[in-house]
Amino acid sequence: MQGPVTIIGDGGWGTAVATVLCSKNLPVTIWGHDPAYLEEMAATRTNRLFLPGVQLPGSLRFEPDLERALAGAALVITAVPTKFLRSVVERCRGLVPPQVGVVSLTKGVEQETLLRPSEILAASMGAERIAVLSGPSHAEEVAHRRPTTVVVSSTDDALARQAQATLMTPFFRLYTSPDTVGVELGGAIKNVIALAAGICTGLELGDNAMAALLTRGLAEMTRLGVALGADARTFSGLSGMGDLVVTCTSPFGRNRAVGIQIGQGRSLEQILASMEQVAEGVTTAVSARALARRSGVEMPIVEQVWRVLYEGRDPREGVTELMTRQPRPE
């Protein structure tokens, strides 16, 4: 059923999805952790920090009280970065009836537990009906109604179809999938590969290197996903190859931008100190490496990104190590 929708999180992606829903004349409420910023958004009809240049619909409602924000929602959407997700959704426990579906927009893997966002929702929020949405979808383009196609995944087919019907518009198309593990891992690991793509750009390594990086990065994503129970075919779809391509090549990509600056010689600490938004790949590199080691999966690109980020390795040394690995069949 379509009805009121509550979005937990006032970042760029959650706000962009709110504009999609408002275009269908659905009642939409955004909750955020900072009441003063919500008040500013309501007054100016802009999201100055996270989605600048987009005029927000007059019907979009902002509510700083979480219980009031969730009351009466027919669908709840969580749009909170992975590192904050648990602490936020713990506050939602008991506020969302079991029959109400929860759709996660979060892309990442929790560092401490190696849980995916849907697993965090189940464990900390107590949500019973969970779906995840992923795919090539820059918030700026969605908010400006440029054609975008994504996938919504759930083991609850009725919820996947409800989310599809609620969100689909002539400019925002959704497919459904039952492979939640694959969809979430694709959305998470591609951010690590995007850091590598940015480094490749910052080092001016050229198009051949970039093409090889995306191809072998997709192979790493697929290997890990299959080891964790995903369908290999998912990684050839929107949440795998689709999201990988846009994140690694678009000037809008935050992870790519971080990688470019690393390739140009800036330190990670300097880069992060200058950013308002979260580059999920920085923390996901730790989680992806840990998942690979726990699962016995070889992920050499992820390993080199981790070493550059957390051991201060010279990116050019990482490139050399990747290029001089033992010869093997493709």
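**Exercise 1.** Show why helix H9 and helix H14 count as roughly perpendicular to each other.

*Solution.* The model is predicted, with residues numbered from 1 along each chain; local features need pLDDT of at least 70, side-chain atom pairs pLDDT 80 or more, and totals for chains, interfaces and linings use all residues. Side-chain values use heavy atoms, without hydrogens or water.

Step 1. Find the helices (DSSP runs of H or I, at least four residues, numbered from the N terminus). H9 covers residues 207–227 and H14 covers residues 300–310.

Step 2. Take the axes (lines fitted to C-alpha atoms over the stretch in contact; angles run from 0 to 180 degrees between N-to-C directions). The two axes come within 8 Å and cross at roughly 100°.

Step 3. Apply the classes (under 35 degrees roughly parallel, over 145 roughly antiparallel, 65 to 115 roughly perpendicular, the rest oblique). H9 and H14 are therefore roughly perpendicular.

Step 4. List the contact (heavy atoms within 4.5 Å). H9 brings Leu 213, Arg 216, Gly 217, Glu 220 and Arg 223, while H14 brings Pro 300, Ile 301 and Val 302.

Step 5. Sort by class (Ala, Val, Leu, Ile, Met, Phe, Trp, Tyr, Cys and Pro nonpolar; Asp, Glu, Lys and Arg charged; others, Gly among them, polar). The H9–H14 contact has four nonpolar, one polar and three charged residues.

**Exercise 2.** How does helix H8 pack against H10? How does H8 pack against H11?

*Solution.* Step 1. Start with H8 (residues 180–202) and H10 (residues 238–249). Their angle is about 25°, and their axes lie 8 Å apart. That makes H8 roughly parallel to H10.

Step 1. Name the residues that meet. From H8 they are Gly 182, Val 183, Gly 186, Gly 187, Lys 190, Asn 191, Ile 193, Ala 194 and Ala 197; from H10 they are Ser 239, Asp 243, Leu 244, Thr 247 and Cys 248. The classes are six nonpolar, six polar and two charged.

Step 2. Turn to H11. H8 and H11 pack at about 40°, with axes 6 Å apart. That makes H8 oblique to H11.

Step 3. Name this second set. Asn 191, Ala 194, Leu 195, Gly 198, Ile 199, Thr 201 and Gly 202 of H8 touch Asn 255, Arg 256, Val 258, Gly 259, Ile 260, Ile 262 and Gly 263 of H11. Here the count is six nonpolar, seven polar and one charged.

**Exercise 3.** Describe the lining of the largest pocket and that of the largest cavity.

*Solution.* Step 1. Volume is the space filled by probe spheres on points joined across faces, edges and corners.

Step 1. Take the pocket. The largest pocket holds about 1100 Å³. It has 44 lining residues, and Gly 11, Gly 12, Pro 81, Arg 254 and Gln 277 are closest to its centre. Elements giving two or more residues include H8, H10 and H11. H4 gives the largest share, four residues. By class, the pocket lining has 18 nonpolar, 16 polar and ten charged residues.

Step 2. Take the cavity. The structure has one cavity of 30 Å³ or more. The largest cavity has a volume of about 40 Å³. Its lining is Ser 104, Thr 106, Lys 107, Val 132, Leu 133, Ser 134, Val 183, Glu 184 and Gly 187. By class, the cavity lining has three nonpolar, four polar and two charged residues.

Terms used. On a 1 Å grid over the protein atoms alone, a cavity is a set of points where a 1.4 Å probe fits but cannot get out, and a pocket is an open set with protein on both sides within 12 Å along at least five of seven lines; lining residues have an atom within 4 Å of a point.
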